[in-house]
Amino acid sequence: MKIEKANAGFLTNFEVLDFLRSRGAKTDPMGCLGAVAASECKVYEYLLKTPACNQTRESINEFVTRCESFKLTNADKLNVINWRPSSAADAYAMLEECGKRFSKDERGEARDEDERVEEFLEIVKEVFPPPPPKPEEMTE
C-alpha cells in the first residue's frame, strides 16, 4: 500500500471496510494469506461486527445531508456514522455538549433539547440499518 497524501482526512469505518473488501480481506485467516496482511484481516473481522457492515455510501451521504440542521462537527458526524447511536444516552455520550447544542434549531430559536435529540435519532434510525446483533444477543 502506498500513501498518496498523508493526513488527507478521516475515514469512516465503512470506508476502511470497503477498502479491505476491495483488497480481498476475508474472515478466514487462511483465505487472507497473500492477499492482505493478517492484521488487515483482523481489522476486517472486527469491522464486520460494527454498524459499518451494512452501511452504504448512499446512506452515509443521506445522513450528512439530513443532519445539516444539527450543526454537527466533522468529528461528530464520524462518530455517529461509525457507532450509530440508538438512544438519547448514546447521543449525549457521543456528541460534545449535545444538550446545549440541540437546545436551539438551525435558526437559533430555542427548542426542547429532548425533542431535538429524538428527531436526530429518528434520522439515524431511518438512514442507517440496525447494527448487527452482538454475540450475546444471538444466543437468546
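Trainee: What should I know before I start reading?

Mentor: This is a predicted model, where local features need pLDDT of at least 70, side-chain atom pairs count only at pLDDT 80 or more, and totals for chains, interfaces and linings use all residues. Residues are numbered from 1 along each chain as its sequence is written, and side-chain values use heavy atoms, with hydrogens and water left out.

Trainee: How many helices and strands are there in the protein chain?

Mentor: Helices (H or I, at least four residues) and strands (E, at least two) are DSSP runs, numbered from the N terminus. Here the protein chain has nine helices and zero strands. Read from the N terminus, its elements run α-α-α-α-α-α-α-α-α.

Trainee: And what share of the residues count as buried?

Mentor: Buried means under 20% relative accessible area, exposed over 50%, and partly exposed in between, using a 1.4 Å probe and protein chains only. In this protein chain of 140 residues, 32% count as buried.

Trainee: How do I read contacts across the sequence?

Mentor: A contact means heavy atoms within 4.5 Å. Among the contacts in the protein chain with a separation of 6 or more, 59% join residues 24 or more positions apart.

Trainee: Now to helix packing. How are two packed helices described?

Mentor: Two packed helices are described by the angle between their axes and the distance between the axes. The axes are lines fitted to C-alpha atoms, for helices over the stretch in contact, and the angles run from 0 to 180 degrees between N-to-C directions. Angles under 35 degrees count as roughly parallel, over 145 as roughly antiparallel, 65 to 115 as roughly perpendicular and the rest as oblique. Take helix 1 (residues 13-22) and helix 3 (residues 38-47): their axes come within 10 Å and cross at roughly 130 degrees. That makes helix 1 oblique to helix 3.

Trainee: Which residues of helix 1 and helix 3 meet?

Mentor: Asn13, Val16, Leu17, Leu20 and Arg21 of helix 1 meet Glu40, Val43, Tyr44 and Leu47 of helix 3. For the classes, Ala, Val, Leu, Ile, Met, Phe, Trp, Tyr, Cys and Pro count as nonpolar, Asp, Glu, Lys and Arg as charged, and the others, Gly among them, as polar. The contact of helix 1 with helix 3 has six nonpolar, one polar and two charged residues. Helix 3 also holds Cys41, which counts as buried at 6% relative accessibility. The C-alpha atoms of Cys41 and Leu20 are 8.0 Å apart, although 21 residues separate the two along the chain.

Trainee: How do helix 4 and helix 8 pack?

Mentor: Their axes are 10 Å apart, at an angle of about 160 degrees. Helix 4 and helix 8 are therefore roughly antiparallel to each other. Helix 4 brings Ser59, Glu62, Phe63 and Arg66 to the contact, and helix 8 brings Phe120, Ile123, Val124, Glu126 and Val127. By class, the residues of this contact of helix 4 with helix 8 divide into five nonpolar, one polar and three charged.

Trainee: How many aromatic pairs does the structure hold?

Mentor: Rings of Phe, Tyr and Trp (its six-membered ring) pair if their centres lie within 6.5 Å; planes under 30 degrees apart count as stacked, over 60 as edge-to-face and the rest as tilted. The structure holds five such pairs. In one of them, the rings of Phe63 and Phe120 have centres 6.2 Å apart and planes at 65 degrees, so the pair is edge-to-face. Phe63 lies in helix 4 (residues 57-66) and Phe120 in helix 8 (residues 113-127), so the pair ties together parts that are 57 residues apart in sequence. Both Phe63 and Phe120 are buried. The rings of Phe70 and Phe120 have centres 5.3 Å apart and planes at 70 degrees, so this pair is edge-to-face too. Ring pairs link Phe63, Phe70, Phe102, Phe120 and Phe128 into a cluster.

Trainee: Is Arg116 buried or exposed?

Mentor: Arg116, in helix 8, counts as buried at 1% relative accessibility. Leaving out residues up to four places away in sequence, Arg116 touches Ser69, Phe70, Phe102, Lys104, Asp105, Glu106 and Arg111.

Trainee: And where is Asp76 placed?

Mentor: Asp76 is in helix 5 (residues 74-83) and is buried, with a relative accessible area of 5%. Apart from neighbours within four places in sequence, Asp76 is in contact with Met94, Leu95, Glu96 and Arg101.
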